[in-house]
Structures are given as C-alpha cells and as structure tokens.
Amino acid sequence: MNYLTVENISKSYGEHVLFEDISFSVHKDQKIAFVAKNGTGKTSILNILSGDDQADSGNVIYRKDIKVSFLSQDPKFDSALTVEETIFASDNPILKVISNYEKSLLNPDDTDAYQAAFEAMERHQAWDFETLYKQILFKLKLENLDQKVSVLSGGQKKRLALANALINKPDLLILDEPTNHLDLEMIEWLEAFFAKENITLFMVTHDRYFLERVCNEIIELDEGQMYSYKGNYSYYLEKREARIEREAVETGKAKQLFKKELDWMRRQPKARTTKSKSRIDDFADIKHRAHQRRNDHQVQLELNMERLGSKILEFHKVGKAFKDKVILNGFDYTFKKGERVGIIGKNGTGKTTFLNILTQTAQPDAGKVVKGETVKFGYYTQSGITIKPEQKVIDVIREFGDYIPLKKGRQISAQQLLERFLFSRKKQYDFVEKLSGGERKRLYLCTVLIQNPNFLILDEPTNDLDIVTLNVLESFLLDFPGCIIVVSHDRYFMDKVVDHLFVFRGEGVIEDFPGNYTDYRVYEDSQPVISTTTEDKKDSKSKQQNEAAKLSYNEEKELKNIESKLNSLAYDKKELENKFNNPDLTQDQINKLSEDLQKIIDTMDEKEARWFELSAKLEGE
C-alpha cells in the first residue's frame, strides 16, 4: 500500500540548485532512511514533505485518510502550555477522551460527568493507551507533566516533540535526526519501540547503529542522483561501494571514448552527414561522463602537533555540585599520552560540566586540576559557530590559522583542510549564512582543528553531521597522535574512536570502563540486576580500587579489558553456533563456520589463561 509519492521535485535558491527531478515513494511497513551529504537538501526535502516549504516543481502526493506525524529539528510549541497540555492539544481523539477522564477525577462530586468519562474510556479502550503515553514520557525523561514548555531546554523540547509524534500513533512518521538530544539509554529504547510498533518510517539520521537496527531500506541522494538500497546500513555500505567501483570503471571507459571522440572532433569533418551530426551531439554527453569526479576524501595526515610533555592533565580529589546535585565527588585521574576517552551517561549527569572543569572554563568546588605546560586544548562545544555578516567560509577558518604543520617539513593549508572536510574551492568562497546547519558544524570543527591542538575535546561532535563527514572525521581522529576526549551518543563513532570510557552514573559516581561502547553494553547485559544504594556503590567502588591496587596500572587495565573481551567473545561464539542450525548450509559454508568458531575458541583459551595469571597475582599479593 502506497502512503507517499514524490514526483520530480526540484528546489533552487537563486543560482544554487539543491536538487532536480527527485522522485521516490514510501509504502506501508517500510522503514526508510534518507542519506545525503550536508547542504544537498535533506532538510529542504523534509520541509517540502511537511508543507513548511514548497518545491519549485513536481508533486508530493499522500494517500487519502492516512495519519502523518512530523518531527522537525526546531519544533514549535505554545509556551504557555504545560507538558501534559501540549500532549492533549493533539488532534488524537483518544487523548481527548483521556483528558476528559482526568478532568472528571478533579471534580468527584459531578458523578454524571465521571460516569460519562469512564464509559468513554471503556468504549475507546483508552486505558492501555494512557499507560503507553505515560511510558513514552517516562522513557524520554518528561515525567514532570505540569512543567511549562517555556522553561524546557532545547533538548527537552525536541524530546517532547518526539513523544507527541509517537503518542499520536501515525500511519507514517517522518523524522529529522530523531536521536539528537537523546542519551544512549533513550536511543536504545527508541530502537526497541520501532522494532515492535507497526509504524511506517521515513527519516533523516546520521546514527549508523540506529540505521542498522531500525531501517529496512536506505535512499541516498548522491551527486544529484537518487539510489535505493533494500536493506539495512551494512547492506547499503556493501552495495554503495560496489556501485562506486562500477561507476569508476564506467568513467574510465568514458575517458577512453572521450579521447577518441575529441581527436575526431579536432579533425573537423567537413561532410556533415546525419551520422556525423549525431556523433557531434553525443560528444557533449561523453565529455560530461568522462569528467565526472567524486568528492570523497580520505584523511591520512602525519600531523606534527606540538609536543606533549610528561605531565598532561591531572585531577586531584575534584568535587563539584549544584545545590543537592553532585557531579564530581573526589574524582582522581591522571591522563596519559595518546589516551582516547569516551564519556557516556544519562542527560543531566554532568558530562559537559566535567569538560568545562577539565578546560578550566569552570572551577571545581573542591580539589584541583593540574594542566601540563605543553597542553594545547582544542574544544569543540555544542554551541557551534558565531556567524558574522558578509563573512566567507575561508575567512572564518583563517581567523584561527593558515595551516597545520605535518611531518618532514610539510604542511596542510586552511584551504586544503576545508577540502578534506568536503568544502570545495568554490564553496570556500560562499557566505557563511548560506551554509546549512550541518555545514556550519563542519566549518566549526575545522576552526578547532586548524589551531593544531594536542588535546582534543569534542562535545557531541556528530550532531547534524552527515555520514560522509563522520567518516572523514573518524579518519582524521584515527590519525591524530594526541589525547582525545569525546562526549557522544553516537555509538558507532565511539566504538571506532575511543579506547576506554568514563561512565557517568550520576550522584558523583564515575566508572572507568576499559573498552568501547559495544564492549560496555555486552558487559552490562551480562551483569545480574542488583538494586543497590549510592552508599553501596561507593563502598563497592572503594573495594575494587583497593583490590586493583595490587596490580600495576597497565595490568589492572588489561584484567578489566580481558573480562569485557571474554563476554564479547562468548556472545560471538553463541551467534556462530546458532548459524549451524541452518539446514541449507553447504559443506564449504560449514567448513568456513567451523574455522571461524575454532579461532574464537582459541582466542578465548588464550584470554582465559592470561586472566587466571593476573587473577592469581592479584590474590597472591
């Protein structure tokens, strides 16, 4: 069943063409992700679908009588309403039934009104729906239903808009970056929600794990052309790479043909036969195909950053609180060279406050932070870039530096850095106010990197960046030789970039986990659920620290990493063993699975032997 048809839509701003003749459709039960580079028109297409903007040409056709909900990046609400009143302001008839019932509870003397409201709840089977909408609000941390919209933060408003969209139970849900402003726990809940609910989705998102687990089709706008991939993110990557390789071969053939035709054109054939005229007409198309270039860059830099001394950054018994809310409580840590730390935790546990204390833009209540003399911070905050009127892209970055020094006396200029982060030479001379939100974030990132820091601090760097830019940023960070701290809800990004995690549990409890986010999830899922008080947690943490003191720092880290890795290997082993249940396996496939299984078993044996060795040392001292 077709829900939405988009036919040959185009959009331009002056001479700047965003897209031309774009067509696609959305059918019942599809969960489609729309992927494109920043600045190519993703948000414009969503605005056209929602009716907030108009296409220059083409048609958008919705099936009659279907319910559609939109989640925009900048939701609009009546600031005078409360959270609950905003939910009830929806045109969902069941919500109106629930609203009338809750009003009748406030007037118990009016038995007739209560009876009518109660019967309406029964008639519409609204009891389960009431439970659902309150569960959604709880999961999105919007429990204070009497709170005014006017006092909500930007992130809370985005979560309220998401709650509104989900509660309406639409036939088609159109989402613009739904995971922005959600913490990791909320994102994982949303994944599970979409897995069990029969909602047709069309969304723009850069969260690659979300794409992997939620979507069953990906539509890509690339170099002005639309491509459809009937599968999840892994399938998309595989088929996209094959397509690009195929296009490269075709471009190569076109170049050979172009050379041949160019030689023929230069000879200026005098006889203008019908055949020669047709050949002349075809020449322009051949020339276009032969000169096609992909604007993809691989960042491989040997950065010659400023030297880091032996003392980098030290936290000594650092404490911080806001009234009764404890952020840090006697936090101790000494950063080492080359550390790559990810910071995770629920919203409101103090991650950004921690970064501000680290960079000394905020002061602790107790203890001290000691920064090494050679440390040069590069701090990417969530606030973004300040736009000045009539300022061009290249001028913005040159305010912070003209080049980054590389090894062997080489350097990368401001222009070259911008090119690597997908700003063409032409784009570099555009006015900043013409850039999309994602392009501005990308430019801000370049202003941080051009200063050649040796200690990078990135607070939610992946918000509003497209997948192509994320791949470029990841490549840059993998080349980066200094220290890195990342706060991000992008699990794919964290897995690729960081070596260990600071887990903010709240109430001043920060755990150092030796592994990436996937390791952490495997470890957490393997733990029994035990209800403990904050004091129990602190006593347990103190006990662990005393026990770990019997090992060296590296041995302690290795022991924790082995435990996490064994959990991960056990999960991989189980997954592989399940594959043997497939009756359609060929003998070659069985042999390959057997080899892979044996490798996992051998690795587990090796890890377990080392684990026993370190455990014996821990117990023997």
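Visitor: What stands opposite Phe502 in S20?

Guide: Asp512 does. This is a predicted model, in which local features need pLDDT of at least 70 and side-chain atom pairs count only at pLDDT 80 or more, while totals for chains, interfaces and linings use all residues. Residues are numbered from 1 along each chain as its sequence is written, and side-chain values use heavy atoms, without hydrogens and water.

Visitor: What makes S19 and strand S20 a pair?

Guide: Two strands pair if DSSP finds at least two bridges between them. S19 and S20 (residues 509–513) share five bridges in the antiparallel sense, so they meet that condition. Strands (E, at least two residues) and helices (H or I, at least four) are DSSP runs, numbered from the N terminus. In the hairpin of S19 and S20, two residues lie between the strands, and Glu507 takes a positive phi near 55 degrees. S19 also pairs with strand S12 (residues 340–345), in parallel and over five bridges; there Ile343 has Phe502 as its bridge partner.

Visitor: Why is strand S19 called largely enclosed?

Guide: Because six of the seven residues of S19 (residues 500–506) are buried. Buried means under 20% relative accessible area, exposed over 50%, and partly exposed in between (1.4 Å probe, protein chains only).

Visitor: Why does Glu613 count as partly exposed?

Guide: Its relative accessibility is 49%, which lies between the two limits, so the middle class applies. Glu613 belongs to helix H20 (residues 587–620).

Visitor: Why are H3 and H4 called roughly antiparallel?

Guide: Helix H3 (residues 93–105) and helix H4 (residues 111–123) pack at about 150 degrees, with axes 9 Å apart. Angles run from 0 to 180 degrees between N-to-C directions, and axes are lines fitted to C-alpha atoms, for helices over the stretch in contact. Under 35 degrees counts as roughly parallel, over 145 as roughly antiparallel, 65 to 115 as roughly perpendicular and the rest as oblique. The pair is therefore roughly antiparallel. Contact means heavy atoms within 4.5 Å; among the residues that meet are Val97 and Ile98 in H3, and Ala113 and Tyr114 in H4.

Visitor: What makes strand S5 and strand S9 stand at the edges?

Guide: The open sheet has six strands in the order S5-S6-S7-S3-S8-S9, with mixed pairing. S5 (68–71) and S9 (225–229) each have a single partner strand, so one side of each lacks a neighbour in the sheet. For S9, five bridges join it to strand S8 (residues 217–222), and the two run antiparallel. Within S9, Tyr227 stands opposite Glu220.
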